[in-house]
Amino acid sequence: MQKTGMKGLLFVTLLLTFLSFESSTPERGNTTAAVGTDYPKDYFQSPVGHMIRLTGSFGELRAGHFHAGLDIDGTTGVPVYAAADGYISIIKVQASAYGNVLYIKHPNGYTTLYAHLDRFAPEIQQYVKEQQYKRMRFEVNLHPPAEMFRVSKGQEIGKMGNTGGSRGPHLHFEVRNTATQKVVNPQLFGMPVQDDVAPDIRDMKVYFLNEKREVLDSKPFPVGKQKTGGYDLEGDTVRIGAWRVGFGIKAYDTTTGNKNDNGIYALSMFVEDQLAFEWRMDEMDFDESRYINAHIDYSAQKRFGAWFHRCFVLPGDKLSNYVKTETMGAVSLFAEKPQKITIKVQDALGNARSIHFWALRDTQNMVTFPSTADRYKLPYDTERKLLLGDLNLTIPKGALYETLTFEYFVSAGNAKNQFSPMHHLQDSKTPVHKYYEISIKPYGLPEWLHNKAVIAKCGDGKPDNCGASWRGDYIMTKVREFGQYCVMIDTTPPQVTPVVFNKDMRRNSTMAFKITDNMAVNGLAYGLYYRGTIDGKWVLFQYDKKRSRITHVFESWLEKGTHTLQLEVKDDRDNVVLYTKKFLR
Ligand SMILES: [Zn+2]
């Protein structure tokens, strides 16, 4: 388990005797040719007409996932082009995530993906709208036949936008291996990105590890940048009071003429010049993306927003992007013999920077860790059922990355719609990989409110509805986070607030409303359901989840005169609001 509480005996001593004067000069890569060699370099053209400015790189560290594509900066409405010949294999419209997205299948075994589009090319847009009306749904997942939308390299397929989970206009561009559906780093295909800037090392941490590579504790490790361009730590000898440690590093990459902090492509660590750890982002399996929560120091991210890559692999981390080594990054320290440590970061074009130092075991200041009773230990590699009276948990094998000393307590809680005590499970800074079952016994819940009761996660802000199903006297759901849970009832219907709407809509081309609810959605709970009709006929409302906004573009077939709009919005507990208004068109 990981604790960042200060322990009096923790020492990381810097010996200011320089054993080496080598500097950390960056290595220059080839400015546009990527490192990987197995990928065709001139098959795909750039999907945009302007110079590529990256605001996100492949493998970049994001909340809950590794970034699966390149984020190409731009403005709403600029054309997006097919990267090569092929046909449109999938068209999706999503209220969050990718937004409006196109997949193009190419004959060379790769598929390219273009996300957050403002709109599709007219013939595609027409087809999508027909399908939306046919299915009476805004969100669709369409697989048009191969002969329907053939595209040639450089053909315009849509316009750049900000739909779905995007926070500002850009194109999210992916390359996938069609057979395996693994995502591949688009930069390995020679995308024209100008970059001769090496990544930057910003910070380091040291982790005290047990023999299973589980973290006992961690500590900041001083690495500052000097005016000369080198790092404080460079060439130093560091004494650490531990038998076995791992390191963590905060590193970012920028590209030529672009100050945006992007992610690095590869990270390796050498001990005595032997490879001890390597993480490389050539390809990635979507099913493994959540292992980011093991790869990073999750607790540091949750507490301080600091993204540290671990230079060692937690025992429950099954991400395939590590090179198998004997130690998987755990470094044994000796009292007499300093270990030479070299940490190297690279971008996808081969620009690299290394830092090296020597590490010794500090026998005078060894850190000790109290052992805890086995009763509260949750191993990462076996299923555990915890029956704690009013709370039961079933934590499956593989839900944790390392053995956890489980901390649990109960407090009263005081919300008036609360029908159980508050159960405090560990803390929200400990990652959980897989959904686990949680059941809570409610107290004093009247029969007629049974279908309004949910397991709620409480923290800052409004509580999350995590879903509910009854199991005897208990309410059960599945969640993927620790934190504070209780039973709450939700009897509050969603709210509809007009944003662009009034009695006279003759001069407007659209109408828009905000739809919101009292509880956020988490675990197995459903998000808001909505349905809009004009004079009883279903009409298309686009849903932008990040802005809680639904928008209808008036159809040309709507005749002049008075019409009745009806919006029905329903939450996970079937609380419904019906919003009915007349308007003139
Ligand atoms: Zn993206």
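Mentor: Start at E437, which stands opposite K478 in β38. This is a predicted model, in which local features need pLDDT of at least 70 and side-chain atom pairs count only at pLDDT 80 or more, while totals for chains, interfaces and linings use all residues. Residues are numbered from 1 along each chain as its sequence is written.

Trainee: How many bridges join β34 to β38?

Mentor: Six, and β34 and strand β38 (residues 474-481) run antiparallel. Two strands pair if DSSP finds at least two bridges between them. Strands (E, at least two residues) and helices (H or I, at least four) are DSSP runs, numbered from the N terminus.

Trainee: And what about β30 and β34?

Mentor: Four bridges join strand β30 (residues 391-395) to strand β34 (residues 431-440), again antiparallel. N392 has S439 in β34 as its bridge partner.

Trainee: Which domains is the chain divided into?

Mentor: Domain 1 is 12-28 + 195-365, domain 2 is 54-189, domain 3 is 374-489 and domain 4 is 495-584. The bounds come from an automatic or database domain assignment.

Trainee: How far apart are the C-alpha centres of domain 3 and domain 4?

Mentor: They lie 34 Å apart. In contact across that boundary are 13 residues of domain 3 and ten residues of domain 4, where contact is defined by C-beta atoms, placed from the backbone, within 7 Å. On the side of domain 3 that touches domain 4, β35 (453-458), β36 (464-465) and β38 each supply at least two residues. The largest share of that side, three residues, comes from β38.

Trainee: What share of the residues count as buried?

Mentor: 41% of the 585 residues. Buried takes 20 or more other C-beta atoms within 10 Å of the residue's own, exposed 12 or fewer, and partly exposed is in between.

Trainee: Which residues touch the most other members of the largest nonpolar core?

Mentor: L102, Y114, I157, V245, I249 and I455, in a core of 128 residues. A nonpolar core is a set of buried Ala, Val, Leu, Ile, Met, Phe, Trp, Tyr and Cys residues joined through C-beta atoms within 7 Å. Strand β16 (residues 200-209) gives the most to this core, with six residues. A second, separate core of seven residues includes F513, F541, L567 and V569.

Trainee: Is Q94 buried or exposed?

Mentor: Q94 counts as buried because it has 20 C-beta neighbours inside 10 Å. Q94 lies in the loop between β7 (86-93) and β8 (100-105). Leaving out residues up to four places away in sequence, Q94 touches G99, E139 and G164.

Trainee: Last one: what pLDDT does the chain average?

Mentor: The average is 91, and 92% of the residues score at least 70; pLDDT is the predictor's confidence in each residue, from 0 to 100. Over residues 1-23 the pLDDT is below 50, although this stretch has 42 contacts in the model beyond near neighbours in sequence. Where pLDDT is low, the predicted coordinates should not be read in detail.

Key: Contact = placed C-beta atoms within 7 Å.
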